[in-house]
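Dear colleague,

The structure we spoke about is below. My notes on what was found in it follow.

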Amino acid sequence: MSGTTVGIPRALAYYLYFPRWRTFFTELGVNVVTSKLSNRQMLDDGVKEALAEACVPIKLYFGHVLSLKDRVDYIFVPRLYCLNGKTLFCPKFLGLPDMIKHGIDNLPPVLDTMLNNRDKGIISRRIEMTKSFFQLGEKFTRDKVRIVKAIYNSLKVENKYCQLLHKGLLPNQALEVLDGAKVPEKLGKGSLNFAVLGYPYHLYDDFINVGVFNKLHRLGVNTITTENLNSGLLENIKHNLPKEMFWTFSDRAYKAALHFFKEGKVDAILYVTAFGCGPDAMVYRMIELEAKKYPHIPFMVLMIDEHSGEAGMSTRLEAFTDMVRRRKELGACLC
Amino acid sequence: MLKVTFPRMGHSYIAFKMLLEDLGNEVIVPPRPSKKTLDLGVQYSPEFTCLPFKILMGTYLEAIQMGANTLVTSGGNGPCRAGLYAQVHQRIIEDLGHQINMICFEAPLSHPIDFLKKVKFLNSSKLSYLSVWQAIKKGWHKLKALDNIEKLTHQIRPRERDNGTTSRVYRQAQNWLGQASTIKDIDEAYQEAVKSLNNIPQAQDRLIIKIGMVGEIYVLLEPASNHEIEEVLGSLGVEIERSMFLTGWTKDNLNEKCNEVVTCHNAAKPWIPVAIGGHGQDTVGHVILYSQRGFDGVIQLAPFTCIPEIVSKTVLTQVSKQHNIPILTFFLDEQTGKAVWLPDWKPL
């Protein structure tokens with residue numbers, strides 16, 4: 001079945017799993033179309049269509065789907081439930097296909113593949129994932145060998161993508177490299193090192209966070225994010241909580257914060273969160289409380305919302321960077 | 001000596017008080033959430049947590065001021081935020097400089113040892129496990145009696161001849177049950193309460209409309225958090241049926257008109273096929289069941305930023321159209337003005 005087009009919105013889980021999904025579909029001979037980079041129009045459309053109480057990333061996702069729906073035969077909105085056998089996703093991810101299906105009129109068919117391997121062992125959790133993708137593949141081809149090959153190749157690409165991220169690239173750069181661009185030179189020119197934490201869809205969408213990374217790089221700051229850390233390293237981080245954090249992205253963000261605080265190599269930690277984000281309401285306070293134990297590493301929370309004015313964000317980042325820089329220079333003199 | 005307190009959720013405190021006292025603890029009954037509670041809670045809670053978190057925060061701090069040193073609460077396994085309440089509360093309270101024990105009960109079947117350890121900690125008078133079991137059973141019995149009486153008030157209140165009689169009798173009945181300390185006493189108090197509620201003079205010719213209540217469990221159960229919506233609606237002549245009680249929603253009140261006995265999760269399947277945390281799926285399921293049973297409307301209550309209820313609300317717009325049942329949603333936040341609400345209620 002060639003000539004079929006599947007649309008993948010460039011939002012939410014896109015930043016982590018797009019290479020895998022794209023490879024899977026193209027191997028089956030399906031054309032993959034993504035929405036454009038987020039823009040004002042999408043956000044405005046999303047705000048109109050989505051529930052007022054929803055968080056900005058969800059509203060933006062609605063906007064992306066709206067921009068895609070007339071151009072594709074299917075829209076891929078997987079139901080991300082649990083991918084690592086342990087941690088779940090935010091309830092809004094669990095109900096995302098339902099919100100899209102019943103919240104937007106005149107949609108092409110939605111591919112709402114359930115991806116869930118909660119409480120499964122190391123091997124059975126992989127089998128579970130393979131099964132889910134197999135079922136998805138059967139919608140497009142009867143050739144079972146081809147599906148298995150597609151699954152295998154998609155995993156290979158994901159592996160390569162993760163390696164690029166571990167080298168210190170941002171997801172958008174890593175995607176360009178996968179598409180054949182040259183590996184950009186290491187951004188090691190700045191005099192300060194910041195860890196920038198938060199959920200992938202807050203961090204890597206330059207429109208919604210008004211270009212945090214560009215601004216920081218311009219201010220002479222090198223950045224490192226959760227995705228640049230080896231996932232094995234994250235899993236081994238011990239926390240002092242009586243219970244595991246049960247959301248995937250929150251767990252990663254919290255553990256990464258602990259890692260950077262304990263390691264003490266960065267000059268400051270920034271946490272980017274979105275207005276109305278459910279899990280973050282708890283997580284950023286936990287990190288804030290943790291930050292009190294490490295007074296020598298400044299910590300700031302940046303909140304993003306539907307505003308697109310750059311001035312507020314710039315002012316905060318400049319003031320914060322200046323403060324950290326002055327502190328570092330002063331510290332160097334004192335030693 | 002343990003001075004124990006716990007979150008206040010509707011009338012459940014009456015049963016929990018008895019249970020914890022039976023185990024030999026001094027119980028600090030949490031005060032009814034007030035403006036002061038909310039202000040305290042808002043001051044120390046993260047900005048975007050849901051209303052229940054803030055009210056509980058305030059309640060804990062008030063109870064600590066009253067001398068409590070042990071907080072008993074429940075946990076959860078996600079993905080609703082309530083599963084992390086206890087941890088975040090504990091850290092914030094400790095950060096404020098209070099020394100407390102946080103006893104957070106997880107589901108006993110999946111954490112049996114942890115459960116027994118915590119029961120042992122609270123068992124100040126060193127009762128045998130059998131007596132502890134009996135105390136829990138008695139507490140459950142009382143809770144069931146309290147829930148049943150509350151259900152009855154929902155039916156009596158819209159029909160009462162003199163405004164306010166039901167609420168007065170109901171408060172009295174709660175007192176009787178509060179004083180009952182054996183299963184026999186509880187049964188007696190319950191019978192008495194049912195009798196007095198049924199004896200309230202009723203206006204026969206009133207037009208009664210029926211409305212189902214769905215939504216997040218805390219704001220449904222705690223009247224102080226939902227501006228006593230049930231009482232207000234009742235006095236406007238609305239018979240309400242709440243989809244959730246602490247003792248579990250009853251399956252037996254499905255109307256005979258339903259051809260198939262479907263549970264609310266089954267009913268919700270076409271709309272939200274998997275559990276999405278909290279009571280998001282239940283909300284949708286109950287709306288469908290209410291519409292099948294011919295209710296006049298449904299009210300959804302949810303705290304502002306409640307994740308599962310946002311998902312269900314998005315879906316409910318279509319459910320409302322397809323099942324032809326009006327739905328009114330209230331997202332509850334820190335605003336305590338009641339006036340804004342009433343114009344919304346009256347046209348119902």
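Between the two chains of this predicted model, 32 residues of chain B are in contact with 30 residues of chain A. On the chain B side, the elements that give two or more residues are helix H4 (85–95) and helix H13 (307–323) of chain B. H13(B) gives the most, with eight residues. By residue class, the side of chain B that touches chain A divides into 17 nonpolar, 11 polar and four charged.

Chain B as a whole:

Chain B contains 14 helices and eight strands. A compact globule of 348 residues would have a radius of gyration near 20 Å, and chain B agrees with this because its own value is 20 Å. Along the principal axes, the C-alpha atoms of chain B fill a box of roughly 55 × 45 × 40 Å. Of the 348 residues in chain B, 45% are buried. If one takes the contacts in chain B between residues at least 6 apart in sequence, 73% of them join residues at least 24 apart.

Domains of chain B:

The assignment divides chain B into domain 1 (3–127), domain 2 (142–206) and domain 3 (208–348). Where domain 2 of chain B meets domain 3 of chain B, 11 residues of domain 2 are in contact with 13 residues of domain 3. Helix H6 (residues 129–156) of chain B gives the most to the domain 2 side, with five residues. That side of domain 2 of chain B divides into two nonpolar, four polar and five charged residues.

Helix H7 of chain B:

Helix H7 (residues 165–179) of chain B has 15 residues. From first C-alpha to last, H7(B) reaches 22 Å, close to the 21 Å expected at 1.5 Å a residue. Its buried residues are B:Thr166, B:Val169, B:Tyr170, B:Ala173 and B:Leu177. These residues are on the same side of H7(B), because they cover an arc of only 105 degrees around the axis. They pack against helix H1 (12–22), H6 and helix H8 (183–198) of chain B. The face of H7(B) turned away from the buried side carries the exposed residues B:Arg168, B:Arg171 and B:Gln179.

Domains of chain A:

For chain A the assignment gives domain 1 (5–166) and domain 2 (187–334). The C-alpha centres of domain 1 and domain 2 of chain A lie 27 Å apart. The contact between these domains takes 22 residues from domain 1 of chain A and 24 residues from domain 2 of chain A. On the domain 1 side, the elements that give two or more residues are helix H1 (14–27), helix H2 (40–49), helix H3 (56–68) and helix H7 (144–166) of chain A. The residues of that side of domain 1 of chain A divide into 16 nonpolar, five polar and one charged.

One position in chain A:

A:Gly309 lies in the loop between strand S10 (299–304) and helix H14 (310–334) of chain A. Is A:Gly309 buried or exposed? A:Gly309 has 8 other C-beta atoms within 10 Å, and a residue counts as exposed at 12 or fewer, so A:Gly309 is exposed. A:Gly309 and A:Lys167 are 142 residues apart in sequence, and their C-alpha atoms are 32 Å apart in space.

Regards

Conventions: Residues are numbered from 1 along each chain as its sequence is written. Chains are lettered from A and ligands numbered from 1 in the order in which they are written. This is a predicted model: local features need pLDDT of at least 70, side-chain atom pairs count only at pLDDT 80 or more; totals for chains, interfaces and linings use all residues. Two residues are in contact if their C-beta atoms, placed from the backbone, lie within 7 Å. Helices (H or I, at least four residues) and strands (E, at least two) are DSSP runs, numbered from the N terminus. Ala, Val, Leu, Ile, Met, Phe, Trp, Tyr, Cys and Pro count as nonpolar, Asp, Glu, Lys and Arg as charged, and the others, Gly among them, as polar. The radius of gyration is taken over C-alpha atoms; the globule rule is 2.2 Å times the number of residues to the power 0.38. A residue is buried if 20 or more other C-beta atoms lie within 10 Å of its own, exposed if 12 or fewer, and partly exposed in between; C-beta atoms are placed from the backbone. Domain bounds come from an automatic or database domain assignment. The expected span of a helix is 1.5 Å times one less than its number of residues. The arc is that of the directions from the helix axis to the C-beta atoms.
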